[in-house]
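I opened the notebook to record what I looked up in this structure, one topic to an entry, with the cut-offs written beside the terms.

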Amino acid sequence: MFKRGSPLVASMLMVLWAACSGDQAASDEAAASPPATPRPEATIVPGETDPALASQGAVLFQSRGCIGCHTIGGGRLTGPDLQGVTERREPGWILAMIVNPDSMLKTDPEARKLFAEYMTPMLSVGVTREEARAIYEHLRQQSQ
């Protein structure tokens with residue numbers, strides 16, 4: 001159908017080569033260092049927990065389905081046990097995982113490590129920053 005050395009074959013090969021080659025160095029660099037996920041501002045007050053906020057967080061932890069994948073001191077489920085998470089992670093990181101788990105998985109090395117270990121991404125359940133703060137306070141209270 002096509003003869004070797006024909007201008008059409010040569011043109012098709014050049015187009016294919018150009019489309020596939022791209023700028024590999026720039027592509028590798030972008031994959032190696034994705035942009036950081038903006039983290040919600042943390043208004044975490046050190047010291048005693050806020051019992052009213054922690055109570056609201058306990059309700060949210062159940063109603064938003066967190067309890068389906070996580071325990072607090074009950075061991076591993078689909079996701080990690082969250083006992084002591086407020087001691088292991090920065091408040092901004094925890095709030096970002098609650099509010100923006102999809103972008104955290106794309107940009108945060110620790111979130112990617114968790115995904116590699118549990119093989120299930122954390123679901124985005126539409127938690128607001130204020131609700132995330134309440135859930136954080138619940139996690140903090142449960143870890144005391």
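I take helices (H or I, at least four residues) and strands (E, at least two) as DSSP runs, numbered from the N terminus. On that basis I placed leucine 114 in helix 7, which covers residues 109-118.

Before going further I noted that this is a predicted model, in which local features need pLDDT of at least 70 and side-chain atom pairs count only at pLDDT 80 or more, while totals for chains, interfaces and linings use all residues. Residues are numbered from 1 along each chain as its sequence is written, and side-chain values use heavy atoms, with hydrogens and water left out.

Entry: overall make-up. I found eight helices and zero strands in the protein, and the pattern read along the sequence is α-α-α-α-α-α-α-α. Taking contact to mean heavy atoms within 4.5 Å, I noted that residues 24 or more positions apart account for 65% of the contacts with a separation of 6 or more. Buried residues make up 30% of the 144 residues, where buried means under 20% relative accessible area, exposed over 50% and partly exposed in between (1.4 Å probe, protein chains only).

Entry: leucine 114 and methionine 119. Which residues does leucine 114 touch, not counting those up to four places away in sequence? I listed Pro80, Arg89, Trp93 and Met119. For proline 80, the separation from leucine 114 is 34 residues in sequence and 8.2 Å in space, C-alpha to C-alpha. Methionine 119 lies in the loop between helix 7 and helix 8, and its phi is near 55°, a positive value in a residue other than glycine. With a relative accessible area of 56%, methionine 119 is exposed.

Entry: helix 3 against helix 8. I used axes that are lines fitted to C-alpha atoms, for helices over the stretch in contact, with angles from 0 to 180 degrees between N-to-C directions. Helix 3 (residues 51-63) packs on helix 8 at an angle of about 100°, the axes being 7 Å apart. The two are therefore roughly perpendicular to each other, since angles of 65 to 115 degrees are given that name, those under 35 count as roughly parallel, those over 145 as roughly antiparallel and the rest as oblique. I recorded the contact residues as nine nonpolar, four polar and three charged, with Ala, Val, Leu, Ile, Met, Phe, Trp, Tyr, Cys and Pro as nonpolar, Asp, Glu, Lys and Arg as charged, and the others, Gly among them, as polar.

Entry: helix 5 against helix 8. Helix 5 (residues 91-99) and helix 8 (residues 129-142) pack at about 120°, with axes 9 Å apart, which means that helix 5 is oblique to helix 8. From helix 5 the contact takes Pro91, Ile94, Leu95, Ile98 and Val99, and from helix 8 it takes Arg129, Ala132, Arg133, Ile135, Tyr136 and Leu139. These divide into nine nonpolar, no polar and two charged.

Entry: cysteines. How many disulfides are there, if a disulfide is a pair of cysteine sulfur atoms within 2.5 Å? The count comes to zero. Cysteine 66 is in no disulfide, its nearest cysteine sulfur being that of cysteine 69, 8.6 Å away, a distance too far for a bond. Cysteine 66 counts as buried at 17% relative accessibility, whereas cysteine 69, at 28%, is partly exposed.

Technical notes:
A disulfide is a pair of cysteine sulfur atoms within 2.5 Å.
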